[in-house]
Amino acid sequence: MTPQVPDSRGAPHLYIHLPFCAHRCGYCDFVTLVGRDDQHDAYVDALLTELELEHAELAATVQTVYLGGGTPTLTTPDALARLLGALPRADEVTVEANPETVTPELARLLRGAGVTRVSLGAQSFRPHLLEVLERRAGPEDVRRAFYHLRDAGFDNVSLDLIYGIPGQSASDLERDLADVLALEPEHVSAYELEAKPGTRFTHAHGAELARQAEAMESYYEYVVASLTAGGYRWYETANFCRTSECAGDRDLRARHNLGYWLGRDYLGLGVGAVSTVGHVRRRNTPRLSLYLRALGRGEVPPREEETVEPATRRFERVMLGLRLDEPLPVAGLEDALDPAGVARVERLGLVRRVRTRAGQTLALTPRGRLLGDGVTAELLA
């Protein structure tokens, strides 16, 4: 991998935010809107107008498209089909889905509209933990949705799993991982639960969250050990894909998210969506009324903008690049690194430096990866 610089030819990655949800889970801090069925068509109209206004920001060849939320698959089928039909072609088109929304008809709609990958929000297979998370789907809904996707022809399905849930035991996590492995998805994202301070979730479960925090390191180690033993490549801090040997030499890493971790430009459309193109980062208004009103007039939505200095891009390149299992080339990134910090962490066996013909590379060791952001913080200038 070579250091990435802003792509002067435009962003190769496109993110579309679909904010509608049937219910807002207590731990969620994404831009979401409950219900609003009567506004789905108007919102898709606005997205397509924004896409037209911002088309020049995209690369001539778009590599990935990602529909996130919210619950994208809660969007009314006609509106969702109209949106998918208008998006640029890409090698990877991902749609996030909640299990209870996935019917055979929806799975066929997605497949027929050119979606290549579905990210299914399982979170857990334990009913008592799903209740804590305020999830509407039960374990059988997850399995049913997964098989609907398989029946529709999807051969690239990702499952999301959360650990550190209030009330979760080590055996709960063990059984969740066994249930994931039994389904044999191509990709797994396993996230530690992060509940923002001051939310109703932390008010309800604060003491238990504090207790769970003490178990997180051992839980994380168990997640990594179980999934890698099950034939998955631990390619990013919280992400795993089937190894090439298990996947017929297919690279099943999430290419859209890989673009973020490699520091590539991306264009975000929709309420609250973030873009980084060149040295400009912007965030659309999270207010639906302002978003719809502006685009109804054919104008870009209100947004916050900032200039991302080259030094910041280099800092982010190191911070995100070290999350991956591939060595990070440091040429051009030297001023983002603290030489004394690198030497100190290397002595502790947490980072590995290798000099190649192309220059020096840096990579966290397996133990360093388990400690994650704390090790990276030691390396940064």
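Visitor: Which residue stands opposite R303 in β14?

Guide: That residue is N284. The model before you is predicted, and in it strand β13 (residues 280–284) and β14 run antiparallel, joined by five bridges.

Visitor: What makes strand β14 hardly covered?

Guide: Strand β14 covers residues 303–307, and among its five residues the count of buried ones is zero.

Visitor: How do you know how confident the predictor is in this model?

Guide: The average pLDDT of the protein is 92, and 96% of the residues score at least 70. Residues 1–7 stay under 50, and the model has 19 contacts for them beyond four places in sequence. Where pLDDT is low, the predicted coordinates should not be read in detail.

Visitor: Why is the pair Y15 and Y66 called stacked?

Guide: The ring centres of Y15 and Y66 are 6.2 Å apart and the planes stand at 25°. Rings pair if their centres lie within 6.5 Å, and planes under 30 degrees apart count as stacked. A search of the whole structure finds seven aromatic pairs.

Visitor: What makes Y15 and Y66 a tie between separate parts of the sequence?

Guide: Y15 belongs to strand β1 (residues 13–18) and Y66 to strand β4 (residues 64–69), so the pair ties together parts that are 51 residues apart in sequence.

Visitor: How do you know whether Y15 and Y66 are buried or exposed?

Guide: Buried means under 20% relative accessible area. The value is 15% for Y15, which is therefore buried. Y66 has 7%, so Y66 is buried too.

Visitor: Why is the pair Y220 and W234 called edge-to-face?

Guide: The centres of these rings are also 6.2 Å apart, but the planes of Y220 and W234 stand at 85°. Planes over 60 degrees apart count as edge-to-face, so the pair receives that name. Y220 lies in helix α8 and W234 in strand β9 (residues 232–236), so the pair ties together parts 14 residues apart in sequence. Y220 is buried, with a relative accessible area of 11%, and W234 is buried, with 11% as well.

Visitor: Which residues do ring pairs link into a cluster?

Guide: The cluster consists of F20, Y43 and Y291.

Visitor: Which residues touch the most other members of the largest nonpolar core?

Guide: They are L14, Y43, L67, L87, L110 and F240, in a core of 67 residues. Helix α8 (residues 216–229) supplies the largest share of this core, with six residues. Beyond four places in sequence, F240 has contacts that include V223, L227 and W234. A second, separate core has 16 residues, among them L322, V342, L364 and V375.

Visitor: What makes D249 exposed?

Guide: Exposed means over 50% relative accessible area. D249 has 67%, and therefore counts as exposed. D249 is placed in the loop between β10 (239–242) and α9 (255–261). Its phi is near 70°, a positive value in a residue other than glycine.

Visitor: Where does E184 lie, and what is its phi?

Guide: E184 is in the loop between α6 (170–183) and β8 (187–192). Its phi is near 60°, again positive in a residue other than glycine.

Visitor: Why are β15 and β16 said to stand at the edges?

Guide: The sheet in question is open and has three strands in the order β15-β17-β16, with antiparallel pairing. β15 (328–329) and β16 (351–356) each have a single partner strand, so one side of each is left without a neighbour in the sheet.

Definitions and conventions:
Residues are numbered from 1 along each chain as its sequence is written. This is a predicted model: local features need pLDDT of at least 70, side-chain atom pairs count only at pLDDT 80 or more; totals for chains, interfaces and linings use all residues. Side-chain values use heavy atoms; hydrogens and water are left out. pLDDT is the predictor's confidence in each residue, from 0 to 100. Contact means heavy atoms within 4.5 Å. Two strands pair if DSSP finds at least two bridges between them. Helices (H or I, at least four residues) and strands (E, at least two) are DSSP runs, numbered from the N terminus. A nonpolar core is a set of buried Ala, Val, Leu, Ile, Met, Phe, Trp, Tyr and Cys residues joined through side-chain atoms within 4.5 Å. Buried means under 20% relative accessible area, exposed over 50%, partly exposed in between (1.4 Å probe, protein chains only). Rings of Phe, Tyr and Trp (its six-membered ring) pair if their centres lie within 6.5 Å; planes under 30 degrees apart count as stacked, over 60 as edge-to-face and the rest as tilted.
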